[in-house]
Amino acid sequence: MTTARLLLIEDDEETVEAISGYLGSRGYEVRRAATGPDGLLQASAGAVDALIIDRLLPGLDGLTILKTLRQNGIRTPAIMLSALGSVDERVEGLRAGGDDYLGKPFALAELAARVEALLRRPTIGPETVLRAGPLHLDLVDRSAHRGGRRLDLLPREFKLLEYLVRRAGQTVTRGMLFEEVWNYKFVPRSNLVDVHMSRLRRKLNGLGEEELITNVRGIGFILDPAA
Amino acid sequence: MTSWLVAPWQALTRSTALRWTLAIATGFTAIALVLFGFIYWETAVYERKTIDVALAEEAQRLAALPLGAVLAAIEGWIANDVHATRYAGVFDADGHRLTGNLLSVPDDLAYDRRPHAATFKGIDRDLDGDNPEPVRAIGWRSDDGGHIVIGNDLDALEDMKAIILRALGLALLPTIALSLIVGSALAKRAQRRIGSMHRAIARIMQGQLGERLPVRGTTDSLDRLATGVNRMLDEIQNLVEQVRGVGDNIAHDLRTPLTRVRTRLERGREELHTVEALGDCMDRAIVSVDQALAVVSAVLRIGQVQHHARRALFGPVDLTAIARDAFELYEPLAEEQGFCLSLEAGLPAIVTGDADLLLEALGNLLENAFKFAPAGSPVTLRVQPSVGRFVLRVEDRGPGIPLEERDRVLRRFYRSEKSRTIEGSGLGLSLVAAVADLHGFDLAILDASPGCAVDLICSPRSPERHPV
């Protein structure tokens, strides 16, 4: 995979440094725009794989940049960053054409996981069967198997597993799971997702079987299909 | 008028007490005048009737007599008039007086043998001389075409009028004086109450928020107004105390985790020498910083929830479905922490609201139950209809909340001393209260003996129509 190029439109020097450093060390090429107009210009030129746009910018605010880009047919995936973390803000950001929304303050690992998810977005196509390692999910009759063993999952657990399988090998954060699997817009206590995950794990792992889902310290989970 | 005179006069007339006094005095005087007027009028009518009846009887008697006898009878009638009130005259067809004390035939009288008012000019009467005198009189024509007239003057009526006017004059002065005294006493009393209210308001304005307007415990309008204002003051005092507490509480909640971070980092820098140990130290510092951030997020969140613009997002929501969602979401957590969470919900319970906020509120109530109730105890989530409303109840077997603290914990940003030692932002109930307030729902904390029940009492009507 070639180096993914990200455009970070953000005016706060310290935030820029932290994000560039963190994502740079993970193999991304991070370009930078410090003002709204500059960001719009660079984003319009194309040649970037994903955008990270701060909501409040000098010159032109993030929402307007996104709307303008989308109107001009530029579909580069974008994450909105904002200190205004409210539900309505999030809805507005997504409505303006953002693919994801992250409220400040956030963990850098959370941003990295979301950028990765954005770049490797699974195409939700016409497939009716998902596979990852020994896992086999039938989306039509909502059944799941590990090897030959049928897994007895509740509907929500099936949805959770489906989400993990679609993103096999990627880190998924608790926030992502909560937004995508539960569809809730508030931030719950962190171990709420964990207890659901440990239930799913217990059902997934038969006697002596390898652990498929591993914890990513402090941030979320990863389903490793190679396990 | 010059200004030095105008100003005090204006001040005087503007004074409520004086206006009241004058109004009351004027009222009493008017009543006295009307009363005396009525007495005079009634008496006058009676007196006139008495005269008329006497005249009519006399006329009837005279009419039955032959003319010669009439002359004698009239002379006798006048002669018997000790009070000199009677007038009479008998005139021939040419208008010559045959007898009586009238100068000429009165021309303003109808000769129909009925009593009328007329004006007579008398003779042989040295009382009024030639002055015409108002009388009641009866006249009729004699058989030979002459006129016969008898009448009675109205001196008695005049005397009575004088008596009544004198009585009125005598009575009016005390009436006005008395009404001035009563009026000023009443006005002074009202002024005193208003004055004490003014003083109370001045004290409140100086910052004594606990001060209240004096109330006498009656149902008069001033008392009702004062009671209303006092209730408003209760609410204002409540809000001001909340605001005062907010800063302290937030500072306290932030200081604890931040102090922990500082200590950890300081000690880590001094004492730890391996990368692994430092990493561990930093991880723990991050956890503490996250805790501080959670407090900030919770405060901001409550602020967002309180924003009434959120009502624009309201729609019909099913409380039963929300309770099911909450149950599904929290049941694994309950199990992990050793609680037996059960759901009691049946038919759909539709209200107007925001499903996300209601779920969040319910989540906070459940998390509180898990925080405070002893592990292994049952926690129940229930949706039940109750007289036109729905009650969303979370019941646990925890220690509950003391009666005297119940009101306070529902106030935004209040934290009981007990809850400070428990992990979390501690603003859970405040958020629930904010969500309830936004929806126009009532929040109640009850004894479930043993344990504690928190009720969210949901009215199906839309909160826009609900007085907030």
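Predicted model: local features only at pLDDT ≥ 70, side-chain atom pairs only at ≥ 80, totals over all residues.

Biologist: At what angle do the axes of H6(A) and H7(A) cross?

Modeller: Roughly 125°, with the axes of H6 (residues 155-166) and H7 (residues 174-182) of chain A coming within 10 Å. Helices (H or I, at least four residues) and strands (E, at least two) are DSSP runs, numbered from the N terminus. Axes are lines fitted to C-alpha atoms, for helices over the stretch in contact, and angles run from 0 to 180 degrees between N-to-C directions.

Biologist: What does that make H6(A) and H7(A) to each other?

Modeller: Oblique, therefore. Angles under 35 degrees count as roughly parallel, over 145 as roughly antiparallel, 65 to 115 as roughly perpendicular, and the rest as oblique.

Biologist: Which residues of H6(A) and H7(A) meet?

Modeller: From H6(A) you have A:Lys159, A:Leu160 and A:Tyr163, and they meet A:Leu177, A:Glu180 and A:Val181 in H7(A). Contact takes C-beta atoms, placed from the backbone, that lie within 7 Å. The residues of this contact divide into 4 nonpolar, no polar and 2 charged. Nonpolar covers Ala, Val, Leu, Ile, Met, Phe, Trp, Tyr, Cys and Pro, charged covers Asp, Glu, Lys and Arg, and the others, Gly among them, are polar.

Biologist: Switching to strands: which residue is the bridge partner of A:Val172 in E12(A)?

Modeller: A:Phe221. E10 (residues 171-173) and E12 (residues 220-223) of chain A pair in the antiparallel sense over 3 bridges; strands pair if DSSP finds at least two bridges between them. A:Phe221 is also the bridge partner of A:Asn215, and 4 antiparallel bridges join E11 (residues 213-216) of chain A to E12(A).

Biologist: What happens in the hairpin of E11(A) and E12(A)?

Modeller: There are 3 residues between the strands, and A:Gly218 takes a positive phi near 75°.

Biologist: And chain B, what is the strand order in the open sheet?

Modeller: E7-E9-E10-E12-E11, 5 strands with mixed pairing. E7 (340-344) and E11 (442-447) of chain B are the edge strands, each pairing on one side only. Neighbouring strands there are turned by 15° against each other on average, direction ignored.

Biologist: How many bridges join E11(B) to E12(B)?

Modeller: 6, running antiparallel, with E12(B) covering residues 452-458. B:Ala444 has B:Asp455 as its bridge partner in E12(B).

Note on methods: Residues numbered from 1 in each chain as written. Chains lettered and ligands numbered in written order. Contact = placed C-beta atoms within 7 Å.
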